[in-house]
Amino acid sequence: MSDYVIGIDGGGTRARAFAAGRNMEALYEASGGGVGLSSLPVQRVQENLSRLLGACFASDSLSQSRCRCVCLGAAGAGRAAARDALAGMLRQAAGPVPVYVTHDGAGALAGGIEAGSGILLSSGTGSICYARNARGETWRTGGWGHIMGDEGSGYDVGRKMLRAAVRAADGRDAPTQLTGMVLEHWRLRELDQVVEAVYSGEKGKSEIADLAPLCELAYQRGDRAALRITREAAGSLAELAAAAAKRLWPPKEPVSCVCAGGLLENAPNLRKHFKEALEKKRPGVQLASKLHSAEWGCAALAWEKVGAEEKNR
């Protein structure tokens, strides 16, 4: 059995692992619960990491003794305190295997953009934008969490859906299909139960973010509230990408932008409005297809870490 590394893309609600050999050939893939410290209890994050790595090491195609490094690209790990906490939990889950923790955008950039130069915009439970130019300069916009930021994210869209429902109930806005969709999705009968579920903590950040795909469906059915929410989210995401482009590239210089995250990847109307808004805010930024997954990128970073350590011996 040959040496390998494991890359983990750790989102707020979902984590995906990719085991790769030295030539980046896929050896094993697995998925599990999220690792977002801002949305999950520490014990839950530890359990999710342990289960995910446990599934990898239990695979017939992998042996823990041949794993050279585990790299976790995690939401919130751009902050030192969160990065240190996650590193401790990852060490506990990985045992004797060396670990490396970085922010979630590092793996997404390494996997998604050719030569690692361009813009990576991610919108899932939260939202964040990372950019790197040919000189190696980097910049981040967004990623401030669901209270201070996360504009255009799944949580942002879900929260606005709830607001649209209560505004319609008050008569401040026209009725919206979003009300019935939320009730059906959460298996509730009336809006008062939604209020109770949200404020009691039964439905938290993850559950509210999970409502976002329903906005795309309502948009397709012609719902005006869904159209407004989609356009607002697209505009917010375009602001993130445009700000990063203005920081690292001259005006109108061509720049590739890759979209990632569950919301952007699965909402064609959101992407359409995002493209339109971005063209107005920063001409020259062109949407590009993602080359590889973020977990693939984290595995590539793990091999870089191994190579650097071998060189220094």
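Me: In what order do the five strands of the open sheet with mixed pairing that includes S1 sit?
Reply: Quick caveat, this is a predicted model. The order is S3-S2-S1-S4-S5, and the sheet is open with mixed pairing.

Me: Which strands stand at the edges there?
Reply: S3 (26–33) and S5 (99–103) do. Each has a single partner strand, so one side of each is left without a neighbour in the sheet.

Me: And the twist, what does it average from one strand to the next?
Reply: It averages 15 degrees from one strand to the next in that sheet.

Me: OK, let's zoom in on S1. How many of its residues are buried?
Reply: Seven of its seven, so S1 is mostly covered. Tyr4, Ile6, Ile8 and Gly10 point one way, Val5, Gly7 and Asp9 point the other way, and all of them are buried.

Me: How do S1 and S4 run, parallel or antiparallel?
Reply: Parallel, with seven bridges joining S1 (residues 4–10) to S4 (residues 67–74). Going residue by residue, Tyr4 has Cys67 as its bridge partner in S4, and Val5 has Cys69.

Me: What about S1 and S2?
Reply: Those two run antiparallel and are joined by six bridges. They form a hairpin with three residues between them.

Me: Which strands does H1 lie across?
Reply: Helix H1 (residues 42–57) lies across S1, S2 (14–20), S3 and S4, and runs at about 155 degrees to S3.

Me: And H3, which strands does that one lie across?
Reply: H3 (residues 104–112) lies across S1, S4 and S5. Its angle to S5 is about 90 degrees.

Me: How many bridges join S7 to S8?
Reply: Five, between S7 (residues 127–132) and S8, and the two strands run antiparallel. Ile128, for instance, has Gly142 as its bridge partner in S8.

Me: Why does Trp144 count as exposed?
Reply: Because its relative accessibility is 54%, and exposed means over 50%.

Me: Which residues form the nonpolar patch on the surface with Trp144?
Reply: Ile147 and Met148. Together with Trp144 they have about 450 Å² of accessible area.

Me: Last one, Asp156. Buried or exposed?
Reply: Asp156 counts as buried, because its relative accessibility is 3% and the cut-off for buried is under 20%. Asp156 sits in helix H5 (residues 154–170).

Me: What does Asp156 touch, not counting residues up to four places away in sequence?
Reply: Asp150 and Glu151.

Definitions and conventions. Residues are numbered from 1 along each chain as its sequence is written. This is a predicted model: local features need pLDDT of at least 70, side-chain atom pairs count only at pLDDT 80 or more; totals for chains, interfaces and linings use all residues. Side-chain values use heavy atoms; hydrogens and water are left out. Helices (H or I, at least four residues) and strands (E, at least two) are DSSP runs, numbered from the N terminus. Buried means under 20% relative accessible area, exposed over 50%, partly exposed in between (1.4 Å probe, protein chains only). Contact means heavy atoms within 4.5 Å. Two strands pair if DSSP finds at least two bridges between them. Axes are lines fitted to C-alpha atoms, for helices over the stretch in contact, and angles run from 0 to 180 degrees between N-to-C directions. Patches are made of residues with over 30% relative accessible area and no salt bridge: like charges are joined within 9 Å, nonpolar side chains (Val, Leu, Ile, Met, Phe, Trp, Tyr) within 5 Å. Accessible areas come from the Shrake-Rupley method with a 1.4 Å probe; for residues, only the protein chains shown count as cover. A salt bridge is a side-chain nitrogen of Lys or Arg within 4 Å of a carboxyl oxygen of Asp or Glu.
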